[in-house]
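Colleague: I have a chain open here and a few quick questions about it. Can we go through them?

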Amino acid sequence: MPQALATASSSDTMPASYEAALAELEQLVARIESGQLPLEDMLAAYQRGAALLAFCRSRLEAVQEQIKVLDGGQLQPWTQE
């Protein structure tokens, strides 16, 4: 199966976790930056990366909202103690 088709079929599903999405996104960026992908594969990788980025952002926003609830409605700055 050509790489573009493999990437396109995997774009239908999102990873099970933020960490898995981030790892896949990092791999895609490395492949794109290598300059070795054909144009069609690069476009498919970029589209998958955009979907993964949106997934990661939505997960982070959901966690921030949960933290706001736990901190009485205000997002507190992170301090390591």
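Modeller: The model is a predicted one. Its protein chain has an accessible surface of about 6100 Å², and 58% of that belongs to carbon and sulfur atoms.

Colleague: What share of the 81 residues is buried?

Modeller: Buried residues come to 19% of them.

Colleague: And how many helices and strands are there?

Modeller: The chain has three helices and zero strands, so the pattern along the sequence reads α-α-α.

Colleague: Let's look at H2. What is its span?

Modeller: H2 covers residues 18–34, which is 17 residues. From first C-alpha to last, H2 reaches 24 Å, close to the 24 Å expected at 1.5 Å a residue.

Colleague: Which residues of H2 are buried?

Modeller: Ala21, Leu25 and Leu28. They sit on the same side of H2, because they cover an arc of only 65 degrees around the axis.

Colleague: What do they pack against?

Modeller: The buried residues of H2 pack against helix H3, residues 39–70.

Colleague: And what is exposed on the other side of H2?

Modeller: Glu19, Glu26, Gln27 and Glu33 are exposed there.

Colleague: Where does leucine 22 belong?

Modeller: Leucine 22 is in helix H2 too. Its relative accessibility is 30%, so leucine 22 counts as partly exposed: buried would need under 20%, and exposed over 50%.

Colleague: How far apart are leucine 22 and leucine 53?

Modeller: In sequence, 31 residues; in space, 8.0 Å from C-alpha to C-alpha.

Colleague: Last one: what follows H2?

Modeller: Glycine 35, with a positive phi near 75 degrees.

Key. Residues numbered from 1 in each chain as written. Predicted model: local features only at pLDDT ≥ 70, side-chain atom pairs only at ≥ 80, totals over all residues. Heavy atoms only, no water. Helix = DSSP H or I, 4+ residues; strand = E, 2+ residues; numbered from the N terminus. Expected span 1.5 Å × (residues − 1). Buried < 20%, exposed > 50% of the residue type's maximum accessible area, 1.4 Å probe, protein only. Arc of directions from axis to C-beta. Contact = heavy atoms within 4.5 Å. Areas by Shrake-Rupley, 256 points an atom, 1.4 Å probe, with all protein chains shown as cover.
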